[in-house]
Amino acid sequence: MAENSRFDHDLVLAHKFPETTYTYTERDAAVYALGVGACGRNAIDSDELKYVYHEDGQQFVQVLPTFSALFSLGSLTNGSIDLPGLQYDPRLLLHGQQYIQIYKPFPSSASVINKVSLAGLHDKGKAAILELETKSYEKESGELLCMNRSTIFLRVFEDCTQPSQALLYRLSGDYNPLHSDPMIAEVAGFSRPILHGLCSLGFAVRAIIKCICRGDANTIKTISGRFLLHVYPGETLITEMWLEGLRVIYQAKVKERNQAVLSGFVDLHHLTSSLQLKYSSRQETQEFHPREAVGAEAQ
């Protein structure tokens, strides 16, 4: 990760996930099938009715194979992964890929024992990539039902402000002496002049344009930012971001103090063609590194 203090390899690798139990009924299986569109266009669809109804009773309904993706929910804490040695904002997780292997058809209802392990851990410099493997066993028989492997990305872009950054930015028209006069800054309670909040916003949005918009600023539709804390010129800004539909959620932190200074969202007019392929089809396992995203410009 760009911020080493947040990624302790040894602690992460040494972590042992507890076994969890997931219990489901015929109703749960049927509700899931309806939730993913079964019989949505035709209530008596002969190919799909078996997932929600059986003439001999609900205990004979068939279970869709993707229902198994729910088995590992018990391993999550409020929708996030609790791993000692890895500190992150759970809103910034990107579920990049899912692999499911089916060993036998699922019972219409069952209690499932899940054994979770860390199948992969990769430090890509600008992102951490975690591969979690969940093997699910039928509690009653002990038979292995399936295996789920999830690949998860946390994307980060790091940029350095210059010691003279506030002096440069003020030339754009914001001449508040708080950002240039040491005495005024001291009266305001700061050890030295601070960076303009709008300058920090400019850094964060520029990172989004570089990493998400592939350098196309015309993709930006709306920008929202909430200023949380001051930035001193010369500090390093780390912008964490993730894509949710046409909205980019972001948070900027000061690396040296490990404190969030800015958060918000950016709405896009559209996605680039490459992003459409990644997110509208099957969410390819590609994290957004500036060097990969914009080529030589980010070198």
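Start with Thr 161. Setting aside neighbours within four places in sequence, Thr 161 is in contact with Leu 195, Phe 203, Tyr 232, Pro 233, Gly 234, Glu 235 and Leu 237, where contact means heavy atoms within 4.5 Å. Before I go on, the conditions: this is a predicted model, local features need pLDDT of at least 70, side-chain atom pairs count only at pLDDT 80 or more, and totals for chains, interfaces and linings use all residues. Residues are numbered from 1 along each chain as its sequence is written, and side-chain values use heavy atoms, with hydrogens and water left out.

Thr 161 sits in the loop between strand S5 (144–160) and H3. Helices (H or I, at least four residues) and strands (E, at least two) are DSSP runs, numbered from the N terminus. Is Thr 161 buried or exposed? Thr 161 is buried, because its relative accessible area is 3%; buried means under 20%, exposed over 50%, and partly exposed in between, with a 1.4 Å probe and protein chains only. A polar atom of the Thr 161 side chain lies 2.8 Å from the backbone nitrogen of Gly 234. The backbone oxygen of Glu 235 is 2.7 Å from a polar atom of that side chain.

Now the chain as a whole. It has seven helices and nine strands. Of its 299 residues, 45% are buried. Among contacts between residues at least 6 apart in sequence, 69% join residues at least 24 apart.

Next, the cores. A nonpolar core is a set of buried Ala, Val, Leu, Ile, Met, Phe, Trp, Tyr and Cys residues joined through side-chain atoms within 4.5 Å. The largest has 28 residues, and those with the most contacts inside it are Met 241, Val 248, Tyr 250, Val 266 and Leu 268. Two or more residues come from each of helix H5 (197–211), strand S7 (236–244), strand S8 (247–254) and strand S9 (259–268). H5 gives the largest share of this core, nine residues. Another core, of 19 residues, lies apart from it, and Tyr 22, Ala 38, Cys 39 and Phe 106 are among its members.

On to charges. How many salt bridges does a search of the whole structure find? It finds eight, a salt bridge being a side-chain nitrogen of Lys or Arg within 4 Å of a carboxyl oxygen of Asp or Glu.

In one, Asp 267 pairs with Arg 247, the closest N and O atoms being 2.7 Å apart. Asp 267 is in strand S9 and Arg 247 in strand S8, 20 residues apart. Asp 267 counts as buried at 15% relative accessibility, while Arg 247, at 31%, counts as partly exposed.

In another, the side chains of Lys 255 and Glu 158 meet at 3.4 Å, N to O. Lys 255 lies in the loop between S8 and S9 and Glu 158 in strand S5, so this pair ties together parts that are 97 residues apart in sequence.

Then there is Lys 104 with Glu 143, at 2.5 Å, N to O. Lys 104 is partly exposed at 26% relative accessibility, and Glu 143 is partly exposed at 39%.

Last, the surface. The chain has about 15,600 Å² of accessible surface, 50% of it belonging to carbon and sulfur atoms; areas come from the Shrake-Rupley method with a 1.4 Å probe, and for residues only the protein chains shown count as cover.

Definitions and conventions: A polar contact is a pair of N or O atoms within 3.5 Å; within protein, one must be able to donate a hydrogen and the other to accept it, and residues adjacent in sequence count only if both atoms are side-chain atoms.
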